[in-house]
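These are my notebook entries on one protein chain. I write down what I looked up, entry by entry.

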Amino acid sequence: MIHLHFNLQLVQFFVDHRIVSLTRLFVFASFFGSAAFYILLTSFLFVAWDKRQAIRISVLILLTILINDVLKIFIKNPRPFIEQGTYRQKWAVSPRDATILATEYSTPSGHAMGSSAFYFYLFTLVRNRFVRVILVVAVVLIGASRPYLGVHYVEDVLLGWLVGLVLAGGAIRYIAQLAEIWETVPYGLQIVIALAASFAVWLLALALDGRINDQVRELTAYSGLLTGIVVGFPLELRITNFDPHSGGAMAKILRYAISLGVMAFVLFALKLAWRPFAASETAFGCALEYVRYVAAESAAIFVAPLIFCKLKLADLGSRA
């Protein structure tokens with residue numbers, strides 16, 4: 001465990017000067033930097049706006065989260081007030097969230113890192129000045145929420161913003177070329193690469209931390225989502241290739257509901273199916289969780305479009 005001498009007094013200052021309205025604002029803002037919100041937004045972009053850009057930004061945020069998890073496990077810096085044993089009193093989060101966050105490391109902030117990568121990449125895709133201002137404000141509020149709520153040091157946020165901006169800049173410059181190169185790789189080899197990379201990252205995290213904890217299990221889930229994209233998107237392009245611009249507002253809303261419903265159903269069904277076989281703290285349990293998230297993501301990308309095209313909620317494009 002690395003003891004970084006970050007400014008705990010500054011976090012304590014926020015704890016001592018919280019006001020109810022500001023706390024509610026930052027709890028609300030924090031949601032927009034969560035993985036759940038990124039899934040909700042990218043799913044909508046996929047079914048109603050631009051499939052390829054939705055996939056690219058999904059890959060970017062998933063890679064950012066994975067890099068963040070590895071950095072946290074490598075640095076092993078505990079969150080504020082953990083060593084003092086006062087985090088339950090000083091974190092302005094729900095008891096459930098406190099229980100989860102207390103098992104994870106602090107540096108760098110995943111919310112700050114993810115939001116700067118995600119929203120600044122989106123910033124380059126939109127031309128509306130008002131939307132751009134909202135995206136910048138979102139990054140600032142999400143980052144500021146973490147030390148205010150007591151779950152991160154200010155330094156965690158600054159480092160997260162920096163790394164996220166570097167990743168966003170790399171994506172903005174190179175993602176189109178990398179996508180073209182990736183598409184020349186045979187489909188079977190793409191899946192093998194995704195599986196091998198996921199296993200390598202899991203082994204690295206396990207070697208760094210020496211145990212299967214919530215951070216390692218989280219890494220397993222997100223690498224599963226990334227592999228699900230590798231599995232599902234080429235199939236969708238070859239077999240369905242729906243047009244996300246087709247249909248009116250109601251058709252797009254229904255497509256969105258079907259996509260989220262399919263993902264939720266697969267996650268829930270496989271969670272029930274896996275429960276008797278292995279605990280999540282075991283390697284076999286992690287493998288089953290990985291498969292669960294691969295199946296859920298590939299179903300949302302491939303099976304859901306099959307459903308709403310059958311229901312004539314989208315037009316078919318030319319086969320890729």
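This is a predicted model: local features need pLDDT of at least 70, side-chain atom pairs count only at pLDDT 80 or more; totals for chains, interfaces and linings use all residues.

I looked up the UniProt record, an unreviewed entry, and it lists residues 55-172 as "domain: Phosphatidic acid phosphatase type 2/haloperoxidase". UniProt positions are given in the numbering used here, feature names are shortened, and annotations may be inferred rather than shown by experiment. I noted that the chain over residues 55-172 is 75% helix and 0% strand. The end C-alpha atoms of that stretch are 14 Å apart. Helices (H or I, at least four residues) and strands (E, at least two) are DSSP runs, numbered from the N terminus.

Residues are numbered from 1 along each chain as its sequence is written, and side-chain values use heavy atoms, with hydrogens and water left out.

I found Ser58 in helix H4, which covers residues 51-75. Is Ser58 buried or exposed? Ser58 counts as buried because its relative accessibility is 9%; the cut-offs are under 20% relative accessible area for buried, over 50% for exposed, and partly exposed in between (1.4 Å probe, protein chains only). I then listed the contacts of Ser58, leaving aside its neighbours within four places in sequence, and found Thr42 and Ile229. Contact means heavy atoms within 4.5 Å.

Most residues other than glycine have a negative phi, and most peptide bonds are trans. I therefore wrote down the exceptions that I looked up. Thr107 and Pro108 are joined by a cis peptide bond, with omega about -5°. Pro108 sits in the loop between helix H6 (95-101) and helix H7 (110-125).

Lys76 is not a glycine, yet its phi is positive, near 55°. I placed Lys76 in the loop between H4 and helix H5 (87-90). Lys76 counts as buried, since its relative accessibility is 15%.

Lys312 also has a positive phi, about 60°, and is not a glycine. Its loop runs between helix H13 (283-310) and strand E2 (315-316). With 73% relative accessibility, Lys312 counts as exposed.

A salt bridge is a side-chain nitrogen of Lys or Arg within 4 Å of a carboxyl oxygen of Asp or Glu. How many salt bridges does this rule give? The count comes to six. I took notes on some of them.

One joins the side chains of Lys51 and Glu236, at 3.0 Å from N to O. This pair links distant parts of the chain, as Lys51 is in helix H4 and Glu236 is in helix H11 (residues 214-240), 185 residues apart. Both Lys51 and Glu236 are buried.

Another joins Arg79 and Glu104, whose closest N and O atoms are 3.4 Å apart. It also links distant parts of the chain: Arg79 is in the loop between H4 and H5, Glu104 is in the loop between H6 and H7, and the two are 25 residues apart. Arg79 is buried at a relative accessible area of 3%, and Glu104 counts as buried at 8% relative accessibility.

I also noted the salt bridge of Glu289 with Arg292, with the closest N and O atoms 2.8 Å apart. Both residues lie in helix H13, three residues apart, about one turn of the helix. Glu289 counts as partly exposed because its relative accessibility is 22%, while Arg292 is buried, with a relative accessible area of 7%.
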